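Dear colleague,

I am handing over the structure below. Please look through it alongside the notes that follow.

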Amino acid sequence: SGGSYSEQVPAGAYACEATYPGFYSFFDPDCHIGPGMTLQKPMPMCPFMNPGHGRFILTWGPSPTDMDLLIIAPSGLRAGLPQTCTVDYQNKYCQDRRVRLDYDNINAYGPETVTVEGFIPGKYIVYVRHFGGHRFVDRRTNLDPMVSTSQAAVTYYTGQSAQRFEVGKHGYLEREDWMLLSVDGATGQVKLCTPVLCPRPSSAV
């Protein structure tokens with residue numbers, strides 16, 4: 001379900017907050033409104049998660065229109081070696097549907113959501129991709145400039161807590177990807193991505 005709310009306020013610096021019983025509160029400290037400006041702010045609400053479960057929600061601004069939330073999840077052993085499975089718009093389920101892409105948004109703003117119904121031991125890597133962004137990569141910087149200006153943010157909900165991460169402040173950028181964070185499935189520990197901890201997938205275009 002969805003909803004909307006509008007309010008006319010004088011120009012200035014504001015914070016946005018939304019609350020609803022049984023849901024995590026949404027809070028964004030950056031809701032600046034300039035003179036004559038109209039601000040459209042996606043404010044996704046997430047119901048409280050069961051213990052051991054997690055949900056990642058991606059939102060972004062009006063451009064680019066299509067950004068994807070991806071998770072590389074552990075998927076057991078094969079010949080004694082750890083295997084992984086990537087959840088994306090083409091492969092929406094891993095671990096017998098315990099990791100799933102709930103919604104793929106291609107019309108700007110989001111939300112785009114991935115749910116983990118019970119973590120297993122291993123490393124989960126969460127990242128965001130500008131779909132088709134390889135066409136815009138600057139060869140001098142090896143970056144797609146549309147990613148850094150996308151206003152992308154990912155909120156990670158687990159237990160009774162929520163953590164918000166923003167592009168340009170957390171993780172690192174490479175080509176059309178924002179490599180964000182890793183979660184230790186055994187301990188729940190969250191670490192921000194570095195090129196060493198979360199190398200950009202070699203299968204990426």
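**Strands and disulfides**

Strand E9 pairs with strand E13 (residues 177-184) through seven bridges, in the antiparallel sense. Strands pair if DSSP finds at least two bridges between them; strands (E, at least two residues) are DSSP runs, numbered from the N terminus. Within this pairing, Val 128 has Trp 178 of E13 as its bridge partner. Seven of the eight residues of E9 (residues 123-130) are buried, so the strand is largely enclosed by the rest of the structure. Buried means under 20% relative accessible area, with a 1.4 Å probe and protein chains only.

This is a predicted model, in which local features need pLDDT of at least 70, side-chain atom pairs count only at pLDDT 80 or more, and totals for chains, interfaces and linings use all residues. Residues are numbered from 1 along each chain as its sequence is written, and side-chain values use heavy atoms, leaving out hydrogens and water.

Searching the whole structure gives three disulfides, each being a pair of cysteine sulfur atoms within 2.5 Å.

- Cys 16 and Cys 31 are joined with S to S 1.8 Å, and both are buried.
- Cys 85 and Cys 94 are joined, also with S to S 1.8 Å; the torsion about their S-S bond is about -75°, so this disulfide is left-handed.
- Cys 193 and Cys 198 are joined with S to S 2.3 Å, and both are buried.

Which cysteine sulfur is closest to that of Cys 46? It belongs to Cys 16, but at 19 Å it is too far for a bond. Cys 46 is buried, at 0% relative accessibility.

Regards

Technical notes. Buried < 20%, exposed > 50% of the residue type's maximum accessible area, 1.4 Å probe, protein only. Helix = DSSP H or I, 4+ residues; strand = E, 2+ residues; numbered from the N terminus.
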